[in-house]
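Visitor: I would like to learn how to read the features of a protein model. Could we go through one together?

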Amino acid sequence: YNPTWFEAPIQAHQGPAAFREVREALSIPISDDLASIENKFDAFDYISERAIDVIQPDAANVGGLREVQYIAQMADAASISIAPHAAGGPVAMCATIHLDAVLPNFKIQEGFNEFTRPDWVPKVIDDPVSIEDGTIEVPQEPGLGIDFDADRAREHDCNPMPDHNFLSSEFKDTYGSQKHAE
């Protein structure tokens, strides 16, 4: 086996020193989304201590695309790659793909389309993202390249993900992990 990296070998709240200890003990790169970080200042400690090899910020968690860009710039100065998360759906994915295109230390885009996408999304958004042979083309249409129907979206504002009740036996588990947990 030749894994690209080991994601989240420990919990982010354990801090950069613990990550660095794990990183130095392993022969493969480690990564983390550092879910507990909220901005570039929180990320700085992990980057300056070279506690991880790949940082995976999500714009929705760290304060937006510009904050991800700041994190990526600091990481680039420390020779740390970036593989952004975009778990917020197709709008977040399109925005992040545009950002990826300008990051010199961009490694790979992580996506969650099949896991986080409720059934009604195709009725609300014309998703321009297509993945072919492991490549995502940056949408060329104006703005983010998205055709979004706000009126149809409002129909789902009280229960945005009815098919994502993780505790329900009817949960649409696209990865098969639920059957392994039983």
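Visitor: At what angle do helix α4 and helix α5 pack, and how far apart are their axes?

Guide: The model is a predicted one. Two packed helices are described by the angle between their axes and the distance between those axes. Here α4 (residues 65–77) and α5 (residues 90–100) pack at about 35 degrees, with the axes 11 Å apart. Their crossing is right-handed.

Visitor: Which residues make the contact?

Guide: From α4 come L65, V68 and Q69, and from α5 come A95, T96 and L99. By class, the residues of this contact are four nonpolar, two polar and no charged.

Visitor: How do I read the nonpolar core, and how many residues does the largest one have?

Guide: In soluble globular proteins, nonpolar side chains tend to be buried together. The largest nonpolar core in this model has 24 residues. Those with the most contacts inside this core are F19, L34, I37, Y46, I47, I55 and I71. At least two residues of the core are supplied by each of α1 (16–25), α2 (40–48), α3 (59–62) and α4. The largest share, four residues, is that of α4.

Visitor: What does I37 touch, leaving out residues up to four places away in sequence?

Guide: With those left out, I37 touches D42, A43, Y46, N61, V62 and I71.

Visitor: Now the sheet. In what order do the strands lie, and is the pairing parallel or antiparallel?

Guide: Strands of a sheet pair through backbone hydrogen bonds, in either a parallel or an antiparallel sense. In this model four strands form an open sheet in the order β1-β2-β3-β4, and the pairing is parallel. The edge strands, each pairing on one side only, are β1 (6–7) and β4 (81–82). β1 pairs with β2 (residues 30–32) over two bridges. The bridge partner of E7 in β2 is S31.

Visitor: Where does A83 lie, and is A83 buried or exposed?

Guide: A83 lies in the loop between β4 and α5. A83 counts as buried because its relative accessibility is 0%, and the cut-off for buried is under 20%. Not counting residues up to four places away in sequence, A83 touches W5, V54, I55, Q56 and I108. A83 and D33 are 50 residues apart in sequence, and their C-alpha atoms are 8.8 Å apart in space.

Visitor: What share of the whole protein is buried?

Guide: Buried residues make up 37% of the 182 residues. The secondary structure comes to nine helices and eight strands. Of the contacts with a separation of 6 or more, 65% are between residues 24 or more positions apart.

Conventions: Residues numbered from 1 in each chain as written. Predicted model: local features only at pLDDT ≥ 70, side-chain atom pairs only at ≥ 80, totals over all residues. Heavy atoms only, no water. Axes fitted to C-alpha atoms, helices over the stretch in contact; angles between N-to-C directions. Left-handed = near helix turned anticlockwise from the far one by under 90°. Contact = heavy atoms within 4.5 Å. Nonpolar A, V, L, I, M, F, W, Y, C, P; charged D, E, K, R; others polar. Core = buried A, V, L, I, M, F, W, Y, C linked by side-chain atoms within 4.5 Å. Buried < 20%, exposed > 50% of the residue type's maximum accessible area, 1.4 Å probe, protein only. Pairing = 2+ DSSP bridges.
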